[in-house]
Amino acid sequence: MIVYNTLTRRKEELKTVHPGEVRMYSCGPTVYSQAHMGNMRAYLFMDTLRRVIRMNGYKLLGVMNITDVGHLTSDADEGEDKMQSAAKKTGKSPWEIAKHFTDLFFRDTARLNIEKPEIVAKATDHIADMLEFVEALVEKGYGYETSDGVYFDISKFPSYGKLSGNTRLDDNIAGARVDVNSEKRNPADFALWKKAPKEHIMQWDSPWGRSYPGWHIECSTMSRKYLGDVFDIHTGGVDHIPIHHENEIAQSEALLGHPAVNYWMHVEFMQVDGRKMSKSLGNTYTLDQLEERGYSPMDFRYFCLNTHYRKKLNFTFEGMDAAKTAYSRLLALLKACAASDAKTDPAVIEAFDKEFADAVSDDLNIPLGMGALWTLLKNPPSRDIYEAAMRADKVLGLSLDKCTEEKKEDVPADVRAIADERWTARLAKDWAKSDALRETLASMGWAVKDGKEGYELTKK
């Protein structure tokens, strides 16, 4: 299995610390709002990587964090805690907000067939572990106290910037994004621990008074706790490279005296109509909003899988329409295969299995693997092809076995409400209202057929 390592900037053969097992850490969500489709691309990447790892015969121990404290509105340790900010806006406690959006996150990932990692670690469950990590860094001389917290002295870590390639401290992105803090030894020094003002909701006792952890420390702490001092893969978005993951490397290597991660893997941004995706531009969409527009979770998963994870993905509704059409056609072709008694030359099936496995094992070239599946489907339908597609779907995660299910009409909520009202009128023998509502449904493009136990709606 080959993976692209951001740290070395090249593709490398995966060699694991523990023979036959991959240990992997993935940066999870900050649960102060509902995840949007750009966020979901990162977790689809994580899920696909997990599936390819298992396809290659490895056992897998995956850890994903839930950030429910300590992520400031600026990644560069400035601004307000995101959980605190959400609490002020909603009037709910940070713990209530975290639970609500954590539940929503896992509801959405389940709908996208994103498998939950073996360990899900909440930051607030690991405060003591993080505090111990920071105290050790201070004892080693890497951390120092200021009036507002404890900071990591990056001048003590000569290789700072090696992940992003930005090794000049005066050009460091974290420092360039904020006003210079006169108490910092270097502009790019980052917070390990933040002293909490009295009004701050989430705070704990520490040697530096009531306070809370910096964002970056949780991942270093929890990855080490569950995966050991050295583990195989760390995943996240490309936005994590210049600050969050750079800081993780500094913290972990300063404490351990050696690298903690062998392969760093990052998924590229999703754009919308060629522009940056952001809430301020109003161009972010949740899975619920996509479904309201008529797209299923599998339509979106198919859309994402058509672009390699290291390439920017440009979201357009035209692209979603194309994905929806292609996915529907794929199911139709496989349905014909499932119903067929014909046979396909075993050499053709064997060649497909190898071509697919080789593609996805080469740095997750899923688009090439999907191309091989479409080529296979040019052959006459057969049960052999259906079974080969089901094997491929263990990696694709597209629920291709649903091709054998009877398709039901996806009825919009407003249409269903009118049809229900009409059925109630019919039961009350209000024929005039029943007929009028039938005409309303017809004008909306729907035909209604009555039966003894209810009605059926079909799209005209």
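I started at M24, which stands opposite I233 in strand 10. The model is a predicted one, so I kept that in mind throughout.

I then looked at the pairing behind that contact. Strand 3 and strand 10 (residues 231-237) run parallel and are joined by 3 bridges.

Next I checked how covered strand 3 is. I found 6 of 6 residues buried across residues 21-26. I took buried as under 20% relative accessible area. Which residues lie on each side of the strand? E21, R23 and Y25 sit on one side. V22, M24 and S26 sit on the other. Both faces are covered.

I moved on to strand 4 (residues 59-66). How many bridges join strand 4 to strand 3? I noted 6, with the two strands running parallel. I looked up E21 and found K59 as its bridge partner in strand 4. I followed the chain from strand 3 through helix 1 (residues 37-55) to strand 4. This β-α-β crossover is right-handed.

Then I turned to helix 1 itself. I counted 19 residues there. From the first C-alpha to the last, helix 1 reaches 26 Å. That is close to the 27 Å expected at 1.5 Å a residue.

Why do I call helix 1 largely enclosed by the rest of the structure? Because 15 of its 19 residues are buried.

Last, I looked past the end of the helix. G57 follows helix 1, and its phi is positive, near 90°.

Terms used:
Residues are numbered from 1 along each chain as its sequence is written. This is a predicted model: local features need pLDDT of at least 70, side-chain atom pairs count only at pLDDT 80 or more; totals for chains, interfaces and linings use all residues. Side-chain values use heavy atoms; hydrogens and water are left out. Buried means under 20% relative accessible area, exposed over 50%, partly exposed in between (1.4 Å probe, protein chains only). Helices (H or I, at least four residues) and strands (E, at least two) are DSSP runs, numbered from the N terminus. Two strands pair if DSSP finds at least two bridges between them. A crossover is right-handed if, with the strands pointing away from the viewer, the path from the first strand over the helix to the second runs clockwise. The expected span of a helix is 1.5 Å times one less than its number of residues.
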